[in-house]
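Let's take a walk through this model together. Have the sequence and the 3D view open as you read.

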Amino acid sequence: CAAGRWGGDVAAEQSAGAVVDTVTLEETTFVEYIDLTGVTEPIRSATLSPEGAGRITTYNLTEGAQVTKGETLLKVDTRQAGAQIAEMTAQINQVELDIARTERLIERGLSSQQQLDQLKTQRGSLVQSKRAAQGGVGEPSLRAPFSGTVLEENAELGEYASPGAVVARIGDLSTIKIIAHLPERQIRYVKQGNIANVIVPALDK
């Protein structure tokens, strides 16, 4: 029985292998895709801050609005800072007179060196305060550095603006940069000039 069973298996294998298909191999190009997640950024962008300190009197910034290079976007009232500087200047002039008078009194033995030193310290403090205030009196108008779109705005009409405080951000959306991080193991597969298909889910494009 065992011999007969083995004989049947061999016959079945010979019958099944009677039909043979042949295929001619041809060279073809294999394209591999790398999926990456990235972010979009405008070709250039800028954060806007007023040069001078003061209350905002003109505010032409709306998120999503288009702006033109040189257009006045914001104005601040710097008169208060100017008044403070004028007052400090008057105080400095008065202290200078007091110093000169005290020096004459010291020569006559009617005043002390301690009083003179106090006046000089007061003068130094006023000079520093005046310089700091002058640093806050810049251009009262803020203009668009280039044509673009308002991406973000963080102030309101009537608010007090300080130098260096970001009131808005604009971007040039005529060209969009796409930034994606490529794993090190895949760097060798990517060459300059390769085509990249980009999908932006938010735009459904």
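What volume does the largest pocket have? About 1000 Å³, in a predicted model where local features need pLDDT of at least 70, side-chain atom pairs count only at pLDDT 80 or more, and totals for chains, interfaces and linings use all residues. Residues are numbered from 1 along each chain as its sequence is written, and side-chain values use heavy atoms, leaving out hydrogens and water.

A pocket here is an open set of points on a 1 Å grid over the protein atoms alone, where a 1.4 Å probe fits, with protein on both sides within 12 Å along at least five of seven lines; lining residues have an atom within 4 Å of a point. The volume is the space filled by probe spheres set on the points. Of the 26 lining residues, Ile34, Leu36, Ile195, Ala196 and Asn197 are the closest to the centre of the largest pocket. Strands β1 and β8 are the elements giving two or more residues to that lining, and β1 has the largest share, with 3.

Those strands (DSSP E runs of at least two residues, numbered from the N terminus) also belong to an open, antiparallel sheet of 4, in the order β1-β8-β6-β3. At its edges sit β1 (38–48) and β3 (66–67), each pairing on one side only. Pairing takes at least two DSSP bridges; β6 (residues 148–153) and β8 have 4. Look for Thr149, opposite Gly171 in β8.

Finally, find Leu173, also in β8 (residues 168–180).
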